[in-house]
Amino acid sequence: MSSPILEVRDLHKSYDEGRIEALRGVDLLIEPGDYVAISGPSGSGKSTLLQLLGGLDEPTRGQVLFQGAPLGRGAALDSYRSRQIGFIFQAFYLLPTLRAVENVQVAMLAVPGAANHRAQRAQTLLEEMGLAHRMNQFPNQLSAGERQRVAIARALANDPAILLADEPTGNLDSVNSAHVMEILTGIQKQRGMTLIVVTHAQEIACCAPRHIRIRDGRIEP
Amino acid sequence: MASQLSFTAFAWKNLWRRRLRTLLTLGGIGMAIGAFVGLVGFSRSFEHAWLMMYESSGTTMDVVQQSFLNTSVDQSDGARLRALPQVELAAPMILNLLSLSSDVNALSYGWKADSYEFQSLHILAGRRFRDGQPEVMLGDLLAQSLHKSPGDTIEIEGSPFTVVGVYHGESALEAGAVILPLDQMQKLGSLQGKVTAFHLRLKPPPPGVPEDRYLAQVSAEIEKMFPRLRAIPAAQRASNNQLVQLSHAAAWGTSLIALLIGILGIANTMAMSVFERTREIGILRALGWKQWRVMLLIQLEAATLGLAGGLLGMAIGFLALRVLALLPQTATVVSTSIPVALLAEALGIALLAGLVAGALPAWRGAQLSPVEALRHE
């Protein structure tokens, strides 16, 4: 058995000076190349868990380990996010003043690299997403499905080890939802990446090889 | 072909998204830098004109009262000054500011008709005045703004004077001035026997003695001989006389106020920009942008505003000097040539203004937590 890519030990996260406990002791092991769906009711703590796994926030107590080493703080977390993590959000979070191809390059500005290499890689990724003809459009000129595909290309820009998707189909119709999930699972299989998807949609959660349910900040047995 | 996104292009796109605000901010800093270039350029022209005046006549030392523009030096001291072995020529003179018409005030000099300082002037029309006569010579710039030529009469302090000559002087302080016989100036101000200064042309320093040491020695000797007077080397006198210092102080004071307003304008723009882009900064942080990179982006935007405003300000300042050079009230002391050092200084100040103004918004932007910033509506 390979060593886990992510390990979560007794993870707690509270807000508002401890009055709100989003996570109350989560333990979790995720192997490299796993496809994991996390579901649960609103406010159960699933997005908080994803944020802590992705180094967007720091736990109140407990640890997240990436390849056996605890995630650092501050700049170390920034490096972890830029090199190991690709985020996909429900609201896409594209920058409105940049073209699709530039939005993909923004992620690559976080790490050293030549401008022409960035542009070439962004173009290749958008072509893989079926957006070769839309790469010079601004986000407001793209459909919701196209925007999410640009966001996926951006998440892949720095060739991360882990893709974290927070309700990636939450703003999409059923056709686009199916298309986006097809792309994500295709990437996971093709590249052997670890894919963790937070979702409300049971049809997505049930299709994942591993399904974790969270309720009241704890993983349900 | 896919467009390439560089860090600087990204900063520029952020500025250009709010074109009107960016242009208004540029206008603000541009006006501030324009005021700096115009006013400081004006005051430095003024200083340069003093130096030119001394240099063109070959004056190496100015012997004056302790306080500037105080016409209380005894004219009779000239004989003892001339007797000094280092002094080649000594010319008594009076300096004053006289009203020549309702809107023209001019520097006015009282010289002896045989003053060596006439050597630096080119008489364009007419002749040199005679001592003891109500005659004047006008600098060409002044003659032009007064529309006077030889044979005309002008009234000074209620007395009529005949314009006998029009001259050109290298310095704007000469070209825009009126020169009267010394005795006539003394008569106008009831200053018989008194002068403002003696302009000295010294003999060259003895071989092997550096110019500075020579000037210091002569100065000390004169001040010992006349304890109430000061003997100041011309170059030093050009930069430290009260008129020049006053013009520097006024220029810098006004410029600093304008610059402060410009800095506040950029700071306001950057603070609003950071607030509006809170979520976008959160996205960048989520993508792994380090805090210093976010700060650098915001500082680059602020510095771009400062630099672009600086370039605009240089153009505004140049235009302002051109306008001042056309106005009769100021034409005599304004030079439209702006020293490269002043332009570099203006650009440096504009850049610094941008960086100072952007510092706090950049720091605040970089401190945003990615999660909090992404939640921002």
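In the predicted model, residues A:Ala100, A:Val101, A:Val104, A:Gln105 and A:Met108 of H3(A) are in contact with A:Arg118, A:Ala119, A:Arg121, A:Ala122, A:Gln123, A:Leu125 and A:Leu126 of H4(A). Sorted by class, this contact of H3(A) with H4(A) comprises 8 nonpolar, 2 polar and 2 charged residues. A packed pair of helices is described by the angle between the two axes and by the distance separating them. For helix H3 (residues 100–108) and helix H4 (residues 115–128) of chain A, the angle is about 120° and the axes are 9 Å apart. Angles of 65 to 115 degrees count as roughly perpendicular and those over 145 as roughly antiparallel; H3(A) and H4(A) are therefore oblique to each other. The crossing of H3(A) and H4(A) is right-handed.

Chain B contains 13 helices and 12 strands. The radius of gyration of chain B is 28 Å, well over the 21 Å given by the globule rule for 377 residues, so chain B is more spread out than a compact globule. Along the principal axes, the C-alpha atoms of chain B fill a box of roughly 90 × 50 × 40 Å. Of the 377 residues in chain B, 45% are buried. Among contacts in chain B between residues at least 6 apart in sequence, 83% join residues at least 24 apart.

The contact between the two chains takes 30 residues from chain A and 19 residues from chain B. On the side of chain B that touches chain A, at least two residues each are supplied by helix H1 (7–16), helix H10 (278–286) and helix H13 (370–375) of chain B. This side of chain B has 10 nonpolar, 5 polar and 4 charged residues.

Positive phi values were also found at non-glycine positions. In chain A, A:Asp216 has a positive phi of about 50° although it is not a glycine. A:Asp216 is located in the loop that runs between strand S9 (210–215) and strand S10 (218–219) of chain A. There, A:Asp216 has 14 C-beta neighbours inside 10 Å and so counts as partly exposed. In chain B, the phi of B:His147, likewise not a glycine, is positive at about 55°. B:His147 belongs to the loop between helix H4 (140–146) and strand S7 (153–156) of chain B. With 8 other C-beta atoms within 10 Å, B:His147 is exposed, since a residue counts as exposed if 12 or fewer such atoms lie within that distance.

Key. Residues numbered from 1 in each chain as written. Chains lettered and ligands numbered in written order. Predicted model: local features only at pLDDT ≥ 70, side-chain atom pairs only at ≥ 80, totals over all residues. Helix = DSSP H or I, 4+ residues; strand = E, 2+ residues; numbered from the N terminus. Rg over C-alpha atoms; globule rule 2.2 N^0.38 Å. Buried ≥ 20, exposed ≤ 12 C-beta atoms within 10 Å, placed from the backbone. Contact = placed C-beta atoms within 7 Å. Nonpolar A, V, L, I, M, F, W, Y, C, P; charged D, E, K, R; others polar. Axes fitted to C-alpha atoms, helices over the stretch in contact; angles between N-to-C directions. Parallel < 35°, antiparallel > 145°, perpendicular 65-115°, else oblique. Left-handed = near helix turned anticlockwise from the far one by under 90°.
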